[in-house]
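Here are some short notes to read alongside the model. Please keep the sequence and the structure open while going through the points.

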Number of protein chains: 2
Amino acid sequence: MSHLKQTHYAPLTEAVAIELALSLNFFTENAVLSCKEIGDGNLNLVFHIVDEQGSKGLIIKQALPYAKVVGESWPLTLKRAKIEADALKTFGQLAPDYVPTIYFTDDVLAVTVMEDLSHLLIARTGFINGETYPLISKHLGEYLAKTLFYTSDYGLGPSAKKEQVQMFINPELCKITEDLIFTDPYFDADTNYFEDGLLSDVEALWQDDELRFQVNLLKRSFLTEAEVLLHGDLHTGSVFASNSETKVIDPEFAFYGPAGFDIGQVFANLLFQVIVNTKNQERFVHHIETVWNVFKDEFTHLWNTENKEILAKTDKFLSYTLAKFFEDSLGFAGCELIRRTIGLAHVTDLDSIEDEKTRLAAKRKTLELGKILIKQRKEIINCAAFISKVKEVL
Amino acid sequence: MSHLKQTHYAPLTEAVAIELALSLNFFTENAVLSCKEIGDGNLNLVFHIVDEQGSKGLIIKQALPYAKVVGESWPLTLKRAKIEADALKTFGQLAPDYVPTIYFTDDVLAVTVMEDLSHLLIARTGFINGETYPLISKHLGEYLAKTLFYTSDYGLGPSAKKEQVQMFINPELCKITEDLIFTDPYFDADTNYFEDGLLSDVEALWQDDELRFQVNLLKRSFLTEAEVLLHGDLHTGSVFASNSETKVIDPEFAFYGPAGFDIGQVFANLLFQVIVNTKNQERFVHHIETVWNVFKDEFTHLWNTENKEILAKTDKFLSYTLAKFFEDSLGFAGCELIRRTIGLAHVTDLDSIEDEKTRLAAKRKTLELGKILIKQRKEIINCAAFISKVKEVL
């Protein structure tokens, strides 16, 4: 297949996907390959290709020129495949243990060919099924420290960083976040989606002026603070895991934004388990503490040893930076808790609770905790204070 | 002249500049034109072309591929001519009264052809010569409100703004600011330049850890906060003025940064006159108050009438935004006061004071005021408090 000569986009068929796989010299020349499209069809085609013996496999991901969410379809740029591929390459260089290997990309076809991770499970699904993933929080802490430090002005230098900012300008995908996380949940927008039992809670939230002000500040940070290259969608559905491995996938929302956004998404999506997984609360509290502590230690180490800003390498400025990241993380975590409860895109952690009373009680807790984290984030000055706030709500 | 077919850069001669001027149909076909190169030769060639009757004229500005400062020469991208031309066009659409009209631009030649402003004087020179420019502060307040509001997420909308951010990524010129304003003055860097009589003051400044921390925060804001399209070098040497007109020129440092940077540069460069022009202090204090008050009123008006962020249009978020801009402005003004006193690029306001004792006293005041504005910017909560701090130092 002349994959390098593609001049126009067309969705791949399974046969063409196999042809592409063979052309990459990843399998032996005469390998007999089987192919299965395993994507959910909402945003991307995902082909899983394995050889006859099942000993080798790879994934071909192709962006579709539209997004489908709850029946609606709207056009979406194919450029996001390039952003995703570039982000995977960047993050892969900085934290190779935690990012799938990329074998090939084609901007015209909007295709990325990458490591087969089918021996791992999506972490959200795993957690819901009772998996413990004892190393996932250590791995995510390291991933966050490396990707957020090395893409910052302090890790990369201001000039190289500006070129990265330019490369990762991502208006369309950012708009999804701006609308669905920072805007729509805070008024009676068509995109919101919540069960009738929550109506009075949601109406109270819409009338909370202090909450709206604080969300304006967080959205302002998301819109203006180009601190680091973010994954941009780092929930537990973007993480593949086993008891020994962790791989962060799907960075199509990548752009330069506030470091606390990625950390906050991780916090919030672990908090869903703290809230719903009542028998194993401490396990997930411990995961949250580990994410932050490993992040903090590794970021501190990188700040002190790899800092390119000569005058910035002081303990006081490092403390300020970590405190800002932590405060921002709490606020963004609060926004994620709220939008996953009443906004367009929900989480299975909550929606799969069968008993209505239990489910509504859990959702009231995510709303309550979300509001507290957003409004009190300046007062919650460390991880211990954060965990006690969480326990107050439980 | 086939100016549209230029495929490579070459510095213009006066003859070629005339040819270019004739090709633009600005003058009559048979006009006899005279041309004079009036640039300082450090960064750009500037040709002033007038017709025989002296009734019509224009300016051709061409970037040189290097910068010369105090004898040193280093290469500098010609792309800055495109950034400058794009910024002039953008600012010209938003605040046409205060920006020269652009007639023609050529990215290959790094040329911008613009309105002849030779009936005006550079404001710094005018002020030093005793001009009052009664309208300059009202005009600058309006210019700042319009350019800073309409280029923000709130005036432009987040998606269009991101495209502007991408278009105005400006690593080389930003690096000059990052080094000369935020870094070099705070340690014994080769680029610093100050008279012997200031040595002990400068050494004290280098040992001031709290000052260094606060400057780290301001530099961090400059590096990461993409709030608005800044002029980026808005001192009184970038403003042409008369008693009735004000035109802001030379935005080659334009990029997306914190709004307070432009406002702070204006504050600081008026403060030099407050400090040195002892007979007319109140005039310049009044100019500073007018810049801020006009800016605040016009920005408030635009925020309430033209805001594209539906949930952001609240009094509380507007107050927060103005307070942030003001606080940042004071900090950046402090940095400008310090770097113009001991850094590479000085101001004539200070250096032209002939009497050594008077000059040193004035420079000690700019250093002192600079430190106060940087360290106390959070406590100086309004313009009245700002002016009393200034008067305390005087």
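1. Between chain B and chain A, 17 residue pairs are in polar contact, counting pairs with both residues at pLDDT 80 or more. The pLDDT condition applies because this is a predicted model.

2. There are 10 salt bridges between chain B and chain A. One of them joins the side chains of A:E309 and B:K219, with an N to O distance of 2.6 Å.

3. Which helices of chain B each supply at least two residues of the side that touches chain A? They are α5 (153-156), α6 (158-167), α7 (171-182), α9 (209-224) and α12 (315-342). The largest share, nine residues, comes from α9(B).

4. Sorted by class, the side of chain B that touches chain A holds 18 nonpolar, 14 charged and six polar residues.

5. As for the extent of the contact, 38 residues of chain A and 38 residues of chain B take part. About 3,500 Å² is buried between the two chains, and carbon and sulfur atoms give 62% of that area. On chain B, the residues B:K162, B:R220 and B:L311 supply 20% of the area that this chain buries against chain A, more than any other three residues.

6. A separate point concerns two strands of chain A. Strand β6 (residues 102-106) and strand β7 (residues 111-115) of chain A pair in the antiparallel sense, over four bridges. Within this pairing, A:I102 stands opposite A:M114 of β7(A). The two strands, β6(A) and β7(A), form a hairpin with four residues between them. In the turn, A:A110 has a positive phi of about 60°.

Technical notes. Residues are numbered from 1 along each chain as its sequence is written. Chains are lettered from A and ligands numbered from 1 in the order in which they are written. This is a predicted model: local features need pLDDT of at least 70, side-chain atom pairs count only at pLDDT 80 or more; totals for chains, interfaces and linings use all residues. Side-chain values use heavy atoms; hydrogens and water are left out. Two strands pair if DSSP finds at least two bridges between them. Contact means heavy atoms within 4.5 Å. Buried area is the accessible area (1.4 Å probe) that two parts lose on being put together, summed over both. A salt bridge is a side-chain nitrogen of Lys or Arg within 4 Å of a carboxyl oxygen of Asp or Glu. A polar contact is a pair of N or O atoms within 3.5 Å; within protein, one must be able to donate a hydrogen and the other to accept it, and residues adjacent in sequence count only if both atoms are side-chain atoms. Ala, Val, Leu, Ile, Met, Phe, Trp, Tyr, Cys and Pro count as nonpolar, Asp, Glu, Lys and Arg as charged, and the others, Gly among them, as polar.
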